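Me: Please take a close look at one part of this structure with me. I would like one connected account of it.

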Amino acid sequence: MAKNKQSSSELFSVRTVVAIGIGTALIFILKRWVSIPTGFPNTNIDTSYGFLGFMSVLFGPVAGFIMGFLGHALNDFTQYGTPWWTWVVTTGLVGGVIGLFWKRLDVSKGDFGKKKLIGYNVVSGLTNLVAWAAIAPTLDVLVYSEPANKVYIQGLISAVSNVISGAVIGSILLAAYAASRTRSGSLKKED
């Protein structure tokens, strides 16, 4: 019972709330000013998905969802005047799903070896692939009556670029963070 309460308090600790604020702001900045246009309308190579994966692994599914949702909504609102809700929700889902693996990947103990690196990349890759190649375009067709051929091409381009962003940027950030942490049991008492 105490373990469940600890998990609840971790989800809404001051540290997590502050991380949500900072993460949301950084996702907004990355989406707005550090995206590379692909040449296809409203589709960019988006560096924010690697950062979102990193933050979701550190702070869990609720924080990951909120950061992704709010960061994307703020970007759309300031750039286009109104959020494109189907993609905003999908970004939140990406953060939330990757965040589900925060306990399993637990990089706070300084361990991000080959097994965890592969695990993160499988989770991040599959999540981004399904989210952008299937969920977001399908929602666009259902909610906004967008032409299927256009949104599925946008989704496929986004899926590929977000898988790469998650793999490269997310892996580098997680490895660097883990390397900055003291490994459990690594300190020995001198005689």
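In which loop is S145 found?

Reply: S145 sits in the loop between helix 7 and helix 8; helices are DSSP runs of H or I with at least four residues, strands are E runs of at least two, and both are numbered from the N terminus. Before going on, note that this is a predicted model, where local features need pLDDT of at least 70, side-chain atom pairs count only at pLDDT 80 or more, and totals for chains, interfaces and linings use all residues. Residues are numbered from 1 along each chain as its sequence is written, and side-chain values use heavy atoms, without hydrogens or water.

S145 has a phi near 55°, a positive value in a residue other than glycine. S145 counts as exposed because its relative accessible area is 60%, the cut-offs being over 50% for exposed, under 20% for buried and partly exposed in between (1.4 Å probe, protein chains only).

The helices on either side, helix 7 (114–144) and helix 8 (148–180), each supply at least two residues of the lining of the largest pocket. A pocket here is an open set of points on a 1 Å grid over the protein atoms alone, where a 1.4 Å probe fits, with protein on both sides within 12 Å along at least five of seven lines; lining residues have an atom within 4 Å of a point. Helix 8 gives the most, with 6 residues. N42 is among the lining residues nearest the pocket's centre. N42 also has a positive phi near 55°, and it lies in the loop between strand 1 (35–37) and strand 2.
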